[in-house]
Amino acid sequence: MHNAGLVSISFRDLTPEQIVDHAKAAGLRCIEWGSDVHCPPEKAAEIAALQKVYGISCCSYGTYFRIGETP
């Protein structure tokens, strides 16, 4: 069985709460969180708790670096 999901960076203007709410409503089961906007490391525990409430899992965690811009 395959789990359909989404990548949070596709919805940069939405909050993590809005993303999990829309994912759940669409019948999706997992999210790849982007660390640059929605899930920086210091918010990972908060996002994990939010996912648990909605029954959504994290399939991967993306890090997006820009050469010459990202320290």
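Begin by selecting cysteine 30, which is buried, with a relative accessible area of 7%, where buried stands for under 20% relative accessible area, exposed for over 50% and partly exposed for what lies in between, with a 1.4 Å probe and protein chains only. The model is a predicted one, in which local features need pLDDT of at least 70 and side-chain atom pairs count only at pLDDT 80 or more, while totals for chains, interfaces and linings use all residues. Residues are numbered from 1 along each chain as its sequence is written, and side-chain values use heavy atoms, with hydrogens and water left out.

The structure holds zero disulfides.

Next, display the sheet, an open one of three strands in the order E1-E2-E3 with parallel pairing; strands (E, at least two residues) and helices (H or I, at least four) are DSSP runs numbered from the N terminus, and two strands pair if DSSP finds at least two bridges between them. Strands E1 (5-7) and E3 (57-62) each have a single partner strand and stand at the edges, so one side of each lacks a neighbour in the sheet. E1 pairs with E2 (residues 30-34) over three bridges in the parallel sense, and valine 7 has glutamate 32 of E2 as its bridge partner.

Now select helix H1 (residues 16-25), which packs on the sheet and touches E1 and E2, its direction making about 155° with that of E2; contact means heavy atoms within 4.5 Å, and angles, from 0 to 180 degrees, are taken between N-to-C directions of lines fitted to C-alpha atoms, for helices over the stretch in contact. Just after H1, look at glycine 27, which takes a positive phi of about 80°.

Finish at cysteine 39, which counts as buried at 4% relative accessibility and touches Trp33, Gly34, Ala44, Ile47 and Tyr61, leaving aside residues up to four places away in sequence. The closest cysteine sulfur to that of cysteine 39 belongs to cysteine 58, at 7.0 Å, too far for a bond.

How values were computed:
Disulfide = S-S within 2.5 Å.
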